[in-house]
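Here are a few friendly notes to read with the model open beside you.

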Amino acid sequence: FAEDGHFERAVVDWSPLAEKALEDHELGERLRAAVEALPEKYRVVLMLADYEHLSMQEIAELLHLTVPAVKTRLHRARLGVREAVTDYLDGRT
């Protein structure tokens with residue numbers, strides 16, 4: 001502060017940060033909804049791989065699947081989520 005009580009530095013405009021936070025929140029909600037909408041066999045694999053960070057082998061053993069089956073389910077799950085949020089990310093919704 002200056003001696004006369006005024007703030008000496010320019011005040012930063014935080015509105016772009018607020019807009020970004022809102023967009024991030026909206027994207028998070030869309031992603032959550034997309035994951036929840038997946039069929040269970042795909043959702044489980046996606047959650048174990050991307051949220052729990054288990055390896056393909058660990059998931060295969062846990063779910064009594066082959067590693068190729070896990071990879072296929074994970075790929076399909078990710079495609080489903082991508083499809084569900086594409087319009088939002090492209091600014092169409």
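The points below go from the overall fold to a single helix packing.

1. A word on the source and the fold: this is a predicted model. The protein chain has 4 helices and 0 strands, and along the sequence the pattern reads α-α-α-α.

2. On the chain as a whole, 18% of the 93 residues count as buried. Among contacts with a separation of 6 or more, 49% are between residues 24 or more positions apart.

3. Do have a look at α2. The helix has 12 residues, which should span 16 Å at 1.5 Å a residue, and its end C-alpha atoms lie 15 Å apart, in agreement with that. Just after α2, H53 has a positive phi of about 60°.

4. How do α2 and α3 pack, in angle and axis distance? Helix α2 (residues 40-51) meets helix α3 (residues 56-63) at an angle of about 140°, and their axes are 10 Å apart. Angles over 145 degrees would count as roughly antiparallel, and the two helices are therefore oblique to each other. The crossing of α2 past α3 is right-handed.

5. Which residues make this contact? From α2 come V44, V45, L48 and A49, and from α3 come M56, I59, L62 and L63. Sorted by class, the contact of α2 with α3 holds 8 nonpolar residues, with no polar and no charged ones.

Note on methods
Residues are numbered from 1 along each chain as its sequence is written. This is a predicted model: local features need pLDDT of at least 70, side-chain atom pairs count only at pLDDT 80 or more; totals for chains, interfaces and linings use all residues. Side-chain values use heavy atoms; hydrogens and water are left out. Axes are lines fitted to C-alpha atoms, for helices over the stretch in contact, and angles run from 0 to 180 degrees between N-to-C directions. Angles under 35 degrees count as roughly parallel, over 145 as roughly antiparallel, 65 to 115 as roughly perpendicular and the rest as oblique. A crossing is left-handed if the near helix is turned anticlockwise from the far one by less than a right angle, and right-handed if clockwise. Contact means heavy atoms within 4.5 Å. Ala, Val, Leu, Ile, Met, Phe, Trp, Tyr, Cys and Pro count as nonpolar, Asp, Glu, Lys and Arg as charged, and the others, Gly among them, as polar. The expected span of a helix is 1.5 Å times one less than its number of residues. Buried means under 20% relative accessible area, exposed over 50%, partly exposed in between (1.4 Å probe, protein chains only).
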